[in-house]
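Hi,

Here is the structure I promised to pass on. Have a look at it first, and my notes follow below.

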Amino acid sequence: REDFRLFHAGSPVAIKPFSRPPAAVAAGAAVGSGRDAPALANAPRRVVLFVDNLHLHPSSRRRVFSRLLDRLEEQLEPETEVMVVSYAGISEVVLGMTADRRALRRALRELADAGAVSLLAPNATANVFEILGHLAQRFQIVHAGAVDSHCRQVGAVARSHAEQVHSRVLGTIAELGRFVDSLAGFDGPKMLLHVSDGIPLVAGTEASRFAAELCDGTGLNKGVEGANDVTQTNVVRFQNWDPTQVSSELRAFDTSAEWERLAGRANAYQVSVYPFQARQKTLRAGSATTSEVRSSFDVEREGERNRQDSLVLLARETGGVATLGSNDISPALAKMRNDARLSYQLAFESPTPGDRRRHDIRVEVTRPRAQLRYRRSYVSK
């Protein structure tokens, strides 16, 4: 216990219950006395497999499910309890928390056979790029005076898409929050393996950047077909959409605060999130578009990073690890297994119990060169 320092909203607090991982005890590497270890150290390990069908493409889904059961049985201890959840706007518990591996096999087969029940998110992004691409193609056949009008159409499409994605992401965060709350009845730490293709942190980023690229002159410099520069006309600036102000507009669609609050709720119930981005990262210019007009490499790269940022944030804030752009779920499961075996449990008495606010936590360790992953906040219940 003396190796650690714990801070609540920047102020030091006393570490009350303290437990060590069995592996550390066996190796004689831990400090503190045996009486420090509370009952929660012996609580069953619990894993939730949360399949986000709303943000998961069929090809990604097939790769994940092709060897998922084998990987689970390889990486998880026999006594580990597993819950399987399918999400497509609402959470459906396919299998309740159990260590029964036969029941797990049946649940995973059922989930795999059901297919992707919703492709709303992937299709919406593909559709908006198709529309933007066709509008850009029309730039080439209209006279110069009509380009401003087409850019206003491009801006309107991008903004409408951002609004729709923003609503969908907020709905996903809200449903994840409700589901996390439902885990409160299970004692001890829980690990949530969230499977998706990624979820935008700033809704509509990729489409908005493509729209700007088509109209603010940057696309011309990058060789994007159909791109124009309307920034010299001063017309667009006074017609509801300015391609040079996209960064400012996107701030309204930033969901960072909502993800942080979700993490705080998860931490209150000892839920660590391990996001798994199922698709293999294959960046090339314009691969997100299906029309002849393609976005630049820069737009695609920013879109990919934006889909990963929410996963990284959620993992970092809850003490988990994000696995990004991978075909193999084994490393993610191995990290969960190792964390379950090696994590220390530190607890403290909240100075502000029940205020329902989010509070920051910081943990320090005196041992040189040691690196920590830990829950960085909580919402007081």
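Arg-101 sits in helix 4 (residues 101-114); helices here are DSSP runs of H or I with at least four residues, strands are runs of E with at least two, and both are numbered from the N terminus. Arg-101 is buried but makes no salt bridge, and Glu-73, the nearest side chain of opposite charge, is 5.4 Å away. Buried means under 20% relative accessible area, exposed over 50%, and partly exposed in between (1.4 Å probe, protein chains only). A salt bridge needs a side-chain nitrogen of Lys or Arg within 4 Å of a carboxyl oxygen of Asp or Glu; for charge, Lys and Arg count as positive, Asp and Glu as negative, and His and the chain ends are not counted. Setting aside residues up to four places away in sequence, Arg-101 touches Glu-73, Leu-76, Glu-77, Pro-78, Thr-80 and Val-82, where contact means heavy atoms within 4.5 Å.

Before you read on: this is a predicted model, so to speak of local features we need pLDDT of at least 70, and side-chain atom pairs count only at pLDDT 80 or more, while totals for chains, interfaces and linings use all residues. Residues are numbered from 1 along each chain as its sequence is written, and side-chain values use heavy atoms, with hydrogens and water left out.

For the overall picture, the protein chain has 12 helices and 11 strands, and 49% of its 381 residues are buried. Of the contacts with a separation of 6 or more, 75% are between residues 24 or more positions apart.

Now the cores. A nonpolar core is a set of buried Ala, Val, Leu, Ile, Met, Phe, Trp, Tyr and Cys residues joined through side-chain atoms within 4.5 Å. The largest one has 48 residues, and Val-48, Phe-179 and Trp-259 have the most contacts inside it. Helix 6 (residues 147-182) gives the largest share of this core, 10 residues. Beyond its neighbours within four places in sequence, Phe-179 is in contact with Val-48, Phe-50, Met-83, Val-85, Ser-91 and Leu-192. There is also a second, separate core of 29 residues, with Ala-103, Leu-108, Leu-333 and Met-336 among them.

Four of them form an open sheet in the order 2-1-10-11, with antiparallel pairing; two strands pair if DSSP finds at least two bridges between them. Strand 2 (11-13) and strand 11 (377-379) are at the edges with a single partner strand each, so one side of each has no neighbour in the sheet. Strand 1 (residues 4-8) and strand 10 (residues 358-365) are joined by five bridges, and His-8 has Ile-361 as its bridge partner in strand 10. Elsewhere, strand 5 (residues 81-87) and strand 6 (residues 91-98) run antiparallel and share five bridges. Their hairpin has three residues between the strands, and Gly-89 there takes a positive phi near 105°.

Last, helix 7 (residues 205-215): 10 of its 11 residues are buried, so the rest of the structure largely encloses it. One of its residues is Ser-208, which counts as buried at 8% relative accessibility. Leaving out neighbours within four places in sequence, Ser-208 is in contact with Ala-158, Ala-162, Val-246 and Leu-250. After helix 7 comes Gly-217, with a positive phi near 95°.

Best wishes
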